[in-house]
Amino acid sequence: MTARKKPKLTRAERARENRSRLIHAAQEVVGQHGYAEASVARIVDRAGLAQGTFYLYFDSRQDLFDQLLPEIGGEALAYIRDAVKGTKGFMAQEEKAMKAFFEYVVRNPAYFRVFTEAEIAAPAAYLKYTRKRTGSFLNVVTAAWKRGEIKGYTRQELGALTQMMLAARAYLFQEYAKTGQGLRMPPKWVIDAYMKFLAKGLAGGD
């Protein structure tokens with residue numbers, strides 16, 4: 001039986017695929033070497049593309065860096081959003097979101113280096129992504145506050161509360177997901193402790 005040939009990609013489909021390959025190759029190279037050592041040559045070599053192809057999609061190495069974090073960060077946010085879809089109640093959503101965040105960064109170990117070094121290497125990208133990430137989560141927190149699930153806080157204080165919860169993700173990752181043998185999902189008790197802390201902190205008691 002003759003194997004079916006894969007249908008040829010259209011020019012637009014090939015362009016999308018090549019750009020995606022360059023973005024994800026850049027993610028891997030930055031994760032391994034940092035932005036400073038992420039040369040165009042290394043990126044196209046990782047992507048399996050000719051160097052001239054790079055400039056069909058990006059004006060320069062910096063242009064790629066300026067698009068890298070918003071795109072990779074957008075994938076992370078979409079992964080978390082899909083994980084909590086249909087979940088009722090802020091606490092249940094947050095528990096699923098925390099687990100999904102750890103799952104994503106364990107599967108994509110370059111994420112944190114792309115994120116943290118962008119503040120210096122690609123400040124516009126860093127600002128764009130952090131504003132989007134904070135804004136998305138603040139909307140979730142505000143909706144829960146309006147439903148009465150978050151008590152004892154003024155609307156103005158919700159921004160600070162949002163930043164605390166986002167910071168907890170990063171610090172718990174650094175402490176419990178990173179090991180000498182690579183990345184792992186943090187132990188269940190870590191997320192349980194976070195959820196207990198959150199439950200008491202959002203209950204509005206004196």
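Guide: Arg113 and Glu117 are four residues apart in helix α6 (residues 111-121) and are therefore separated by about one helical turn; helices here are DSSP runs of H or I with at least four residues, numbered from the N terminus. The model is predicted, so local features need pLDDT of at least 70 and side-chain atom pairs count only at pLDDT 80 or more, whereas totals for chains, interfaces and linings use all residues. Residues are numbered from 1 along each chain as its sequence is written, and side-chain values use heavy atoms, with hydrogens and water left out.

The side chains of Arg113 and Glu117 meet in a salt bridge, at 2.6 Å from N to O; the term requires a side-chain nitrogen of Lys or Arg within 4 Å of a carboxyl oxygen of Asp or Glu. Side chains of opposite charge can pair when their charged atoms come close. Arg113 is partly exposed at 30% relative accessibility, and Glu117 is partly exposed at 26%; buried means under 20% relative accessible area, exposed over 50%, and partly exposed in between, with a 1.4 Å probe and protein chains only.

The search of the whole structure finds ten salt bridges. Among them, Lys99 and Glu95 are joined at 3.7 Å, N to O, and both lie in helix α5, four residues apart, about one turn of the helix. Lys99 is partly exposed at 34%, as is Glu95 at 27%. Another links the side chains of Lys188 and Asp192 at 2.8 Å, N to O, within helix α9 (residues 188-202). Here Lys188 counts as exposed at 60%, while Asp192 is partly exposed at 25%.

Conventions
Helices (H or I, at least four residues) and strands (E, at least two) are DSSP runs, numbered from the N terminus.
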